[in-house]
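Have the sequence and the 3D view open as you read.

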Amino acid sequence: MTPKSDIRTEANRLRAHFEARGAEVFETDILQPAGALLGLYGEDIRARAFVTHDPLRGEMMLRPDFTVPLVQSHISAGRGTASYTYSGEVFRRQEDDEDRPTEFIQVGYEVFGGKEAEADATVFTAVSEALSGLPLNATISDFGVLRAAIASLNTPERRKTALLRHIWRPVRFKALLDRFSRPAPQPAGMPDPNMPHVGLRSREDIAARLELLAEEAATDPLSDTEVERIKSCLAVKSNAPDAVQSLRRIAASDDALNNAIDKVATRLEALEKLGINANSLTFQTSYGLTSLEYYSGFVFGFAAADTTKYPVVASGGRYDLLTKAIGQGASLPAVGGVIRPDVVHKLRKGAV
Amino acid sequence: MSVKLGIPSKGRLMQDTLDWFAERGVKIERTGTDREYAGRVIGVEGVELVLLAAGEIPRELAAGRITLGVTGSDVVQEKVARWESKIKPLASLGFGKADLILAVPKTWSDVETLDDFDAVAESFRQTHGFRLRIATKYHRLVRAHLKAAGVAGYQLIDSQGATEGTVANLTAEAIADITSTGATLDANHLKIIGDVMHQSQATLFRSMGASLNDPDVANLKAMLETLGLAQD
């Protein structure tokens, strides 16, 4: 068991590393109102966070991350461009694995505003430099690629929206893709008007969806070629420059997809300018698709070769969708990353 | 400690349990008055009886405070995280059967599957400004089931009883509860959608964590042999 003071020392070192890059220190309460977090993440967060109850304030949560309170504070202060760092405990419920910690220190670095590719590269490089000397592999991706591939499908908007919504849930995403590639069945009729109706969802709500289902039944299924293209995009995994080439071949003359790939390439250039060797990075389209629902573009992670022995050391990405949800529509570009100082410490010592 | 057998302290579940043991040559007798929670086990040596609320038996088994216990498989899976590593099912007792299901108003003619449910959850959130509510007391089982199916846009509302009434009372849009005949669902204008989430029945469990000395091990073995549940 590593003494907590050692982990705190490592955390302080990491935070100072980000402060030296001009980041302001952010502090927030450990007990956070649960409402905002539940509204954002949905029921899944309840399985991952400790929810407690205050007789006056209602449901409270032991902070599962710093990002949400940070974005709230940044937006309510009406600020534009800024960068922050923080260090402190976060709490995660573990229902399935006793070996994973329920409490650990997290150090983060978050950049609001700025040019997208430069800000992405700045965060990645700052995190990478904080971890220099450790035997880690970096994996990157960009949700924009899959989003663009979906946007180019020859199918109605509602189907694209449904696919986009489920990008983060591979099981459902695949199920939807399968469903859209077959003819949809005719929907049932309206419910018997004499049947007692209960609940808040009205007969009008039901009628509206039945109408939508009728439209679905009249919609042509996705072609095999289109489905294959999405699947090929998802399967790309190689060193970053090669991945860009593979994606280009899949995109062929598709402008939307090529634009998304341009962004990946521009980011790689920005990274190279900051001294990162693009060939040392793995690009994996599906990377990070099962984690945070609000990542919208660039995502990255740093992991030791032996992932059974060491959990992911650092991860992050662009979360414009989260700032949009918290800012109630006002768009505010933001990118950030978090580091686990306990894992850094363990790796430094080469300890088991 | 001695071998402790935990059985439900009340009602039909208790009576069916006593009958099941009696049919296999283990007689369990209540002692004292009807209201006293005490009893003994006749027909096997060194087994102590503990009468408990059915809902507390999983926790006692997981902690190793009782060696054997009878309760519903639903409550074990709901209340004990990673139950497989702590509690071992020895026998399904053939009574107390019930299915954990998801139900919505019968008038939702557009909803038959979890796919439909997921789509409705998303549009409900857009129309009503909050996530569609499922009333239940089986939080872990429901969450795990819906997560595996990739359903996300809902919230769970705790309901410890009269769950089928929550939809008409406008405190939930759907319910997840156990049902055996479906009559209560029907009376509350609800219908089942999707697959059964868990098929529950009264089950005899063994705690993996109970510490036993040599005579206890022998007594436990003898008891299981009497019940026809020889262990390897």
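Q: What should I know about the numbering and the kind of model before I start?
A: Residues are numbered from 1 along each chain as its sequence is written, and chains are lettered from A and ligands numbered from 1 in the order in which they are written. This is a predicted model, in which local features need pLDDT of at least 70, side-chain atom pairs count only at pLDDT 80 or more, and totals for chains, interfaces and linings use all residues.

Q: How many helices and strands are there in chain B?
A: Helices (H or I, at least four residues) and strands (E, at least two) are DSSP runs, numbered from the N terminus. Chain B has 7 helices and 12 strands. Its C-alpha trace spans about 65 × 35 × 25 Å along the principal axes.

Q: What share of chain B is buried?
A: A residue counts as buried if 20 or more other C-beta atoms, placed from the backbone, lie within 10 Å of its own. Of the 232 residues in chain B, 42% are buried.

Q: Into which domains is chain B divided?
A: Domain bounds come from an automatic or database domain assignment. Here, domain 1 covers 3–96 + 201–226 and domain 2 covers 98–200. Taken over C-alpha atoms, their centres are 32 Å apart. Residues are in contact if their C-beta atoms, placed from the backbone, lie within 7 Å; 7 residues from domain 1 of chain B and 8 residues from domain 2 of chain B take part. On the domain 1 side, helix α3 (residues 73–79) of chain B gives the largest share, 4 residues.

Q: How do I read a sheet, and what is the strand order in chain B?
A: Strands of a sheet pair through backbone hydrogen bonds, either parallel or antiparallel. In chain B, an open sheet of 5 strands runs in the order β9-β8-β10-β7-β11, with mixed pairing. β9 and β11 (190–200) of chain B are at the edges with a single partner strand each, so one side of each has no neighbour in the sheet. The twist averages 25° from one strand to the next.

Q: In which sense do β7 and β11 of chain B pair, parallel or antiparallel?
A: Two strands pair if DSSP finds at least two bridges between them. Strand β7 (residues 98–105) of chain B and β11(B) are antiparallel, over 7 bridges. Look for A103(B), which stands opposite I192(B) in β11(B).

Q: How many residues does each chain give to the contact between chains A and B?
A: Chain B gives 30 residues and chain A gives 31 residues. On the chain B side, α4(B) gives the most, with 7 residues.

Q: How do I describe two packed helices, and at what angle do α1 and α14 of chain A pack?
A: Two packed helices are described by the angle between their axes and the distance between the axes. Helix α1 (residues 4–19) of chain A and helix α14 (residues 341–349) of chain A pack at about 105°, with axes 8 Å apart. Axes are lines fitted to C-alpha atoms, for helices over the stretch in contact, and angles run from 0 to 180 degrees between N-to-C directions. α1(A) and α14(A) are therefore roughly perpendicular, a term for angles of 65 to 115 degrees. Residues in this contact include I7(A) and L14(A) of α1(A) and V344(A) of α14(A).

Q: Which residue is the bridge partner of I140(A) in β9(A)?
A: That partner is F283(A). Strand β7 (residues 136–142) of chain A pairs with strand β9 (residues 281–284) of chain A in the parallel sense over 3 bridges.

Notes:
Two residues are in contact if their C-beta atoms, placed from the backbone, lie within 7 Å. Angles under 35 degrees count as roughly parallel, over 145 as roughly antiparallel, 65 to 115 as roughly perpendicular and the rest as oblique. A residue is buried if 20 or more other C-beta atoms lie within 10 Å of its own, exposed if 12 or fewer, and partly exposed in between; C-beta atoms are placed from the backbone.
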